[in-house]
Amino acid sequence: MRRRLVLLVDGDPVIQRLLRATLPTRGYSLVTAATAQAAMGALDRHEPDLVLLDIVLPDRCGFELLQDIRLRSAVPVIIVSARAAPEDRIRGLELGADDFVAKPFHLDELVARIGAILRRTSPTVDRSTLLQYDRVTIDLANRRVFVDGQEVRLSRTEWSLLEQLARQPGRVVRHSELLSHIWGPEFIRETYYLRTWVSRLRAKLRDDEEPHRIIETRPGLGYRLADPVVPVTA
């Protein structure tokens with residue numbers, strides 16, 4: 001089984017050394033970034049399963065970085081910071097963080113919180129289900145997509161969007177539901193994010209032929225994944 005990958009965004013070399021020595025012994029892989037700029041590169045390059053984020057970074061405020069992360073990814077984020085006043089905790093959670101841990105922290109507690117969030121955010125889908133269309137196969141169990149028999153690599157956000165539709169084919173999933181799940185409840189009115197990412201997903205699926213698109217637009221409501229040609233169970 002693949003180890004879950006944690007991205008640590010923290011400029012403190014002591015924290016980096018501590019988690020680099022500890023997390024691999026607890027079943028996790030770790031990549032580190034000391035700056036906000038490095039963090040965005042690592043997010044795209046590694047697609048981590050969870051982010052540990054300090055508020056105080058050498059090049060940028062961690063809250064601003066959290067906003068940027070939420071614009072492009074639904075990855076779980078735990079803020080780990082010495083700035084732990086109630087207003088900092090509230091702001092972090094309102095911006096889309098999943099949890100807040102104050103420094104200095106107890107290592108076992110941090111590891112437990114990582115595990116709890118990953119269990120809570122892991123997809124609960126029927127692991128035997130494939131959705132088969134004329135050109136596209138969606139394998140929910142293994143988080144894989146094939147177009148004309150060739151595997152297509154999706155970003156975390158693209159997969160999250162497709163999975164939300166694929167869990168309930170034939171049903172219109174409202175804009176607000178998709179936006180809240182993928183980017184957070186504070187983004188439920190930002191429908192242009194959704195249009196942009198649906199367009200990217202359609203391009204990768206080569207889903208551009210009307211009226212045979214598998215991702216159908218329902219103006220003013222949301223999107224619907226067409227009923228599969230042949231639902232297959234392994």
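This is a predicted model: local features need pLDDT of at least 70, side-chain atom pairs count only at pLDDT 80 or more; totals for chains, interfaces and linings use all residues.
Student: Which strands form the open sheet, and in what order?

Tutor: The order is β2-β1-β3-β4-β5, an open sheet of five strands with parallel pairing. Strands (E, at least two residues) and helices (H or I, at least four) are DSSP runs, numbered from the N terminus. Two strands pair if DSSP finds at least two bridges between them.

Student: Which strands are at the edges?

Tutor: β2 and β5 are; each has a single partner strand, so one side of each is left without a neighbour in the sheet. Neighbouring strands of this sheet are turned by 20 degrees against each other on average, direction ignored. Axes here are lines fitted to C-alpha atoms, for helices over the stretch in contact, and angles run from 0 to 180 degrees between N-to-C directions.

Student: How many bridges join β1 to β2, and how many join β1 to β3?

Tutor: Six bridges join β1 to β2 (residues 28-33), and four join β1 to β3. R4 has Y28 as its bridge partner in β2, and L8 has L52 as its partner in β3.

Student: Is β1 mostly covered or mostly open?

Tutor: β1 is mostly covered, with five of its six residues buried. Buried means under 20% relative accessible area, exposed over 50%, and partly exposed in between (1.4 Å probe, protein chains only). Helix α1 lies across β1, β2 and β3, and runs at about 165 degrees to β2.

Student: Changing topic: how many salt bridges does the structure hold?

Tutor: There are 20 salt bridges, each defined as a side-chain nitrogen of Lys or Arg within 4 Å of a carboxyl oxygen of Asp or Glu. One of them joins the side chains of D49 and R4, at 3.6 Å from N to O. D49 lies in the loop between α2 (36-46) and β3 (50-53) and R4 in strand β1 (residues 4-9), so the pair ties together parts that are 45 residues apart in sequence.

Student: What does K103 pair with?

Tutor: K103 meets D10 in a salt bridge of 2.7 Å, N to O. That pair links distant parts of the chain, 93 residues apart: D10 is in the loop between β1 and α1 (13-22), and K103 in the loop between β5 (99-102) and α5 (107-121). K103 also forms a salt bridge with D54, where the closest N and O atoms are 3.3 Å apart. D54 lies in the loop between β3 and α3 (62-72), so the pair with K103 ties together parts that are 49 residues apart in sequence.

Student: Are these residues buried or exposed?

Tutor: D10 and K103 are both buried, and D54 is buried as well.

Student: Which residues are linked in a network of salt bridges?

Tutor: E216, R218, R224 and D227 are linked in such a network.

Student: How do α7 and α8 pack?

Tutor: Their axes are 10 Å apart, at an angle of about 85 degrees. That makes α7 roughly perpendicular to α8, a description that covers angles of 65 to 115 degrees. H175, L178 and L179 in α7 meet T191, Y193 and L194 in α8, where contact means heavy atoms within 4.5 Å.

Terms used:
Residues are numbered from 1 along each chain as its sequence is written. Side-chain values use heavy atoms; hydrogens and water are left out. Angles under 35 degrees count as roughly parallel, over 145 as roughly antiparallel, 65 to 115 as roughly perpendicular and the rest as oblique.
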